[in-house]
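Here is a short briefing on one protein model. Please look over the sequence and the structure first.

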Amino acid sequence: MTFFLLLGGIWAQNNRNAKVSGKSAKRGGGAQASDAGHSTPAADSSQGSSRSSGRPADSKQDSAAGTRAAVQQTDEMRLQFLRSAQVTCNDGSAAGFYLKEFRGSRRWLLFLEGGWCCYSKETCDSRYQNTPRLMSSSGWPQTKRGTGLLSSQAEENPHWHNANLVFIPYCSSDVWSGTGPTPTPAPRTRQGKDKVKERNTNATEYSFMGSLIIREVIKDLIPKGIKQAKVVMLAGTSAGATGVLLNIERVASQLEQLGTEAQVRGLVDSGWFLESKQQRSPNCPETVSCTPEDAIKIGLRLWNGAVPDRCRQLYRGEEWQCFFGHRLYSTLTSPLFIVQWLFDEEQLRVENIYMGGQSLTEEQWQYIQNLGLEIKNSLRDVTAVFAASCLSHTVITKSTWLSFQVKGTSLPRALHCWDRSLEAIRNNRTPAKGCPFHLVDTCQWPQCNPTCPALVDQATQQELTLLQMLVAMGLDPQKLGLDPEGEADSLASVVRNGG
């Protein structure tokens, strides 16, 4: 009897140790674990079944499962709604952000999501019907896992994985420029479709507060330690990238007023657009066929949009021009890194050119070629840039972002070189040589960089070379001056000459 009582006491103590070990793993260990970021449903379910059946679990296994659960939890960014009820999404629902803290880090990465905009009752109603997550927070998940620059994995994100990561969802439809009033009423809970539809009888009842959302996010990050930040990177893709250009000076000013000594930097991915070559539609804005310039001109009034002060003074009465990076860049004082495909797919869509989706005329092919040269010229005076001769759109949040190179340098490497250069200048040191961050492809053709993302035929979802794509779209490569047999030789030459 004494033996069995002793055995039972040992088993109970082991069980308590296992639980304590699991708790301590949840509190402390997740950040350094080698399998961070990988989901462990099997471990979770086996752990639960062990508890429900009452069978004793080995303390080492229980501790490992607890560590994996902690890793899974801490690797995700968690949704937090703004404390201010007055700053909202388009439909009056609460705006917010996703946060993953890295304890002890004094580097912060604030990311602005993209997604174009709406600028009239018709376009906003259509947007609300087709992509409600870009106008309302009612369907946002509680957690989000980042990829590319937003990844917490050192293998995928070698230089920024250990920063405090903040993902700010785009729900204002104003290219992050709006300072408009909140609609009345401003509910913080999800409403039925009929009720929302009834309330939004005209576009003025939508709320456009993109710039105010950024301001409130920073306020809500004060208790999290952003006042102690050493570096704050404001990054974004597409419309979010334009949002970086429009807001970086205000963010720097806000942080300076808070007393922080952080250097505020901007990372602009695929938001460096050129004005459209299309003729203005006579029916704009009654239809959705407005050019980006017309959409922004109309939208600025609806959004009560704000642009940086120096640019506003430069283009007084024509403030829409401040939405175009090549016009805005010289008026900004904060350090900026521009990432831009030379043949941006969204820029082509503005001209009704859809690679792999329709026929292509020789005139459209000529426009594509000229686009690469125009974007390249517009980037000439940009200090920090990564511009590859590829047909694509956005890059920094793609898990494959490590694989793209210009002149033998990857984008993460170029960003790290820029980072080191800014630190050296800040500390009155000479920047290191042989670490480039002004990288623009010299080859002239779309897809002439061998590291470009693959082209995909929209109908078959098959990967194609540029020549195959042009043939599929009804063009004769030889008439265009392209030599199918010389393609391999030209690519080899590109590789040898570093892009």
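Serine 152 sits in the loop that runs between strand E4 (143–144) and strand E5 (164–168). This is a predicted model: local features need pLDDT of at least 70, side-chain atom pairs count only at pLDDT 80 or more, and totals for chains, interfaces and linings use all residues. Residues are numbered from 1 along each chain as its sequence is written, and side-chain values use heavy atoms, with hydrogens and water left out.

**Serine 152**
- Leaving aside residues up to four places away in sequence, serine 152 touches Asp75, Lys100, His161 and Leu165; contact means heavy atoms within 4.5 Å.

**Helix H8**
- Helix H8 (residues 292–303) is largely enclosed by the rest of the structure, because 9 of its 12 residues are buried.
- Among the buried residues of H8 are Pro292, Ile296, Leu300 and Trp303.
- Helix H11 (345–350) is included in what covers the buried residues of H8.

**Largest pocket**
- The largest pocket holds about 1,200 Å³ of space.
- Helix H4 (121–130), helix H7 (239–257), H8 and H11 are the elements that give two or more residues to its lining.
- The lining has 47 residues; Gly115, Trp116, Cys117, Ser238 and Glu346 lie nearest the centre of the pocket.
- By type, the lining residues divide into 21 nonpolar, 19 polar and 7 charged.

Definitions and conventions. Buried means under 20% relative accessible area, exposed over 50%, partly exposed in between (1.4 Å probe, protein chains only). Helices (H or I, at least four residues) and strands (E, at least two) are DSSP runs, numbered from the N terminus. On a 1 Å grid over the protein atoms alone, a cavity is a set of points where a 1.4 Å probe fits but cannot get out, and a pocket is an open set with protein on both sides within 12 Å along at least five of seven lines; lining residues have an atom within 4 Å of a point. Grid points are joined across faces, edges and corners, and a volume is the space filled by probe spheres set on the points. Ala, Val, Leu, Ile, Met, Phe, Trp, Tyr, Cys and Pro count as nonpolar, Asp, Glu, Lys and Arg as charged, and the others, Gly among them, as polar.
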